[in-house]
Amino acid sequence: MTGDIGWTGLLTSLVLVGVAVAISLWRRLGLEGSMVWSSARAMAQLLVVGALLHVLFRSQHAIAWSWLWVLVMIVFAAWTVRRRAHEVPDMFVLALAAFATSAVVSLGVLFGLGVFPLKAQALIPLAGMMVGNAMTATVLVGRRVFEELRDKRAEVEARLALGIPSREAARPYVRSALRTALIPQIESTKALGIVFLPGAMTGLILAGVDPVKAVLVQAAVMYLVLGSAATTTTVVALGVTRRLFTRDHRLVPMTRPAEG
């Protein structure tokens, strides 16, 4: 099987990390330590996860443990989003709600409609794809909505002064933030298969799966990623907007981060 590279192959592939380090030294980028640390950390994390999955997949309660794993992923992702967009009020709660909603919608379609069988071997990787690929867009949309309403406060308050409800007054800025967050994912989706072969498809082909079957799996994963990103960004954008206005349609005070 092509994908069975073994420990020797893995260690040999570290030559590529050495190439990256050599380039950093050559161009005096100062990134050698980060490259070595990130590579070592990633390998350690993957080995731990691989060992846990090895045990989990053989458990009699694999599905129950898998759902718990998904819950942990969602909570950790929400905490990560909160850390990266700390200026946004209640970001942890919003991100948690967004990822939970995405899980219900995305996993409900894939497993509820029988696209994939509900097994631990499918649930955990698909949930990981859903959460991991939506995180960046979720951070981006939360920060953009906050910054748009903060930086264009005069415009927003002028619209409010005309009697426009807060949700309508914020609509152009929310729409702009959503477009900014989703366009990279849309452009990446367009390039699949022509510019690059995505990870899921590459892994299946390397494992010896028929390319056509690999394409079908990758297409379903691609739709999962796009749908989950759209769901999480919409929930966060609407949630942030709601928290930035009072019940009587006034924009709350927002401070800029300290410079330096």
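Trainee: How do helix 2 and helix 3 pack, and at what angle?

Mentor: Helix 2 and helix 3, the latter covering residues 62–84, pack at an angle of about 145°, and their axes are 10 Å apart. Please keep in mind that this is a predicted model.

Trainee: Which residues of helix 2 and helix 3 make the contact?

Mentor: Helix 2 contributes Val49, Leu52, Leu53 and Leu56. From helix 3 come Ala62, Trp65, Ser66 and Trp69.

Trainee: And by class, how many residues in that contact are nonpolar, polar or charged?

Mentor: The contact of helix 2 with helix 3 has seven nonpolar residues and one polar residue, with no charged residues.

Trainee: Let us turn to the surface. Which residues form a nonpolar patch there?

Mentor: The patch consists of Val15, Leu16, Val19, Ile23, Trp26, Leu29 and Leu31. Together they have about 730 Å² of accessible area.

Trainee: Where does leucine 31 lie?

Mentor: Leucine 31 lies in the loop between helix 1 (6–26) and helix 2 (32–56).

Trainee: Why does leucine 31 count as partly exposed?

Mentor: Leucine 31 counts as partly exposed because its relative accessibility is 39%, and that class runs between the 20% and 50% limits.

Trainee: Now salt bridges. How many does the count come to?

Mentor: The count comes to nine salt bridges. One of the pairs is arginine 143 with glutamate 87, whose closest N and O atoms are 3.0 Å apart.

Trainee: Which parts of the chain does the pair of arginine 143 and glutamate 87 link?

Mentor: The pair links distant parts of the chain, 56 residues apart. Arginine 143 is in helix 5 (residues 120–151), while glutamate 87 is in the loop between helix 3 and helix 4.

Trainee: Are those two buried or partly exposed?

Mentor: Arginine 143 is partly exposed at a relative accessible area of 33%. Glutamate 87 also counts as partly exposed, at 22% relative accessibility.

Trainee: Which residues are linked in a network of salt bridges?

Mentor: Arg144, Glu148 and Lys152 are linked in such a network. Within it, glutamate 148 forms a salt bridge with lysine 152, the closest N and O atoms being 3.3 Å apart.

Trainee: What does arginine 150 form a salt bridge with?

Mentor: Its partner is aspartate 151, and the closest N and O atoms of the pair are 2.9 Å apart. Arginine 150 is buried, with a relative accessible area of 14%, whereas aspartate 151 is partly exposed at 41%.

Trainee: On to the backbone. What is the phi of aspartate 90?

Mentor: Phi of aspartate 90 is near 55°, a positive value in a residue other than glycine. Most residues other than glycine have a negative phi.

Trainee: Where is aspartate 90 placed?

Mentor: Aspartate 90 is in the loop between helix 3 and helix 4 (91–112). Its relative accessible area is 44%, so it is partly exposed.

Trainee: And what is the phi of histidine 249?

Mentor: Histidine 249 has a positive phi of about 65°, although it is not a glycine. Histidine 249 is found in the segment after helix 9 (211–243), and its relative accessible area of 38% makes it partly exposed.

Trainee: Let me ask about helix 7. Is leucine 182, which is found there, buried or exposed?

Mentor: Leucine 182 counts as buried, at 17% relative accessibility, because buried means under 20%. Not counting residues up to four places away in sequence, leucine 182 touches Ala229, Ala230 and Thr233.

Trainee: How far apart are leucine 182 and threonine 138?

Mentor: They are 44 residues apart in sequence and 9.4 Å apart in space, C-alpha to C-alpha.

Trainee: Finally, what is isoleucine 205 in contact with?

Mentor: Leaving aside its neighbours within four places in sequence, isoleucine 205 is in contact with Pro211 and Ala214. Isoleucine 205 is in helix 8 (residues 199–206) and is partly exposed, with a relative accessible area of 30%.

Definitions and conventions. Residues are numbered from 1 along each chain as its sequence is written. This is a predicted model: local features need pLDDT of at least 70, side-chain atom pairs count only at pLDDT 80 or more; totals for chains, interfaces and linings use all residues. Side-chain values use heavy atoms; hydrogens and water are left out. Patches are made of residues with over 30% relative accessible area and no salt bridge: like charges are joined within 9 Å, nonpolar side chains (Val, Leu, Ile, Met, Phe, Trp, Tyr) within 5 Å. Accessible areas come from the Shrake-Rupley method with a 1.4 Å probe; for residues, only the protein chains shown count as cover. A salt bridge is a side-chain nitrogen of Lys or Arg within 4 Å of a carboxyl oxygen of Asp or Glu. Helices (H or I, at least four residues) and strands (E, at least two) are DSSP runs, numbered from the N terminus. Buried means under 20% relative accessible area, exposed over 50%, partly exposed in between (1.4 Å probe, protein chains only). Axes are lines fitted to C-alpha atoms, for helices over the stretch in contact, and angles run from 0 to 180 degrees between N-to-C directions. Contact means heavy atoms within 4.5 Å. Ala, Val, Leu, Ile, Met, Phe, Trp, Tyr, Cys and Pro count as nonpolar, Asp, Glu, Lys and Arg as charged, and the others, Gly among them, as polar.
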